[in-house]
Amino acid sequence: MTAVEQIKDPFANEAWRAAINHAAGCMACRTPGAGCETGERLLHAYEEAARLARSCSPWPTN
C-alpha cells in the first residue's frame, strides 16, 4: 500500500488493530498452518472495512 492509498477510515484502523492484537496473543494465529476462527473473522472484518474505505476514497486504487 502506498502513502496515497493509506486507509483513513477509523473503523478500518480499529479493525486492523483488533486483528493484530488478537494475532499477537493467539498461538493458533502465530503457528503456520494452524487455523483460528476468531483471527480469520477479525481479518475479514478488516479487509471489508478497508475495501469500503477505499471505495469512498477520492484517490484512485489502481
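Predicted model: local features only at pLDDT ≥ 70, side-chain atom pairs only at ≥ 80, totals over all residues.

Student: Which two side chains meet in a salt bridge at 3.4 Å, N to O, one of them being that of Arg17?
Tutor: The partner of Arg17 is Glu14.

Student: Why is the pair of Arg17 and Glu14 called a salt bridge?
Tutor: The cut-off is a side-chain nitrogen of Lys or Arg within 4 Å of a carboxyl oxygen of Asp or Glu. The N to O value for Arg17 and Glu14 is 3.4 Å, so the pair qualifies.

Student: How are Arg17 and Glu14 placed along helix α1?
Tutor: They are three residues apart, which means about one helical turn lies between them.

Student: How many salt bridges does a search of the whole structure find?
Tutor: Two. The other joins the side chains of Arg51 and Glu48, also at 3.4 Å, N to O. Both residues lie in helix α3 (residues 37–55), three apart, about one turn of the helix.

Student: What accessibility label do Arg51 and Glu48 get?
Tutor: Arg51 is at 44% and Glu48 at 36%, so each counts as partly exposed.

Student: How confident is the predictor in the protein overall?
Tutor: The mean pLDDT is 80, with 77% of residues reaching 70 or more. Over residues 1–5, however, pLDDT stays under 50.

Conventions
Residues numbered from 1 in each chain as written. Heavy atoms only, no water. pLDDT = per-residue confidence, 0-100. Contact = heavy atoms within 4.5 Å. Helix = DSSP H or I, 4+ residues; strand = E, 2+ residues; numbered from the N terminus. Buried < 20%, exposed > 50% of the residue type's maximum accessible area, 1.4 Å probe, protein only.
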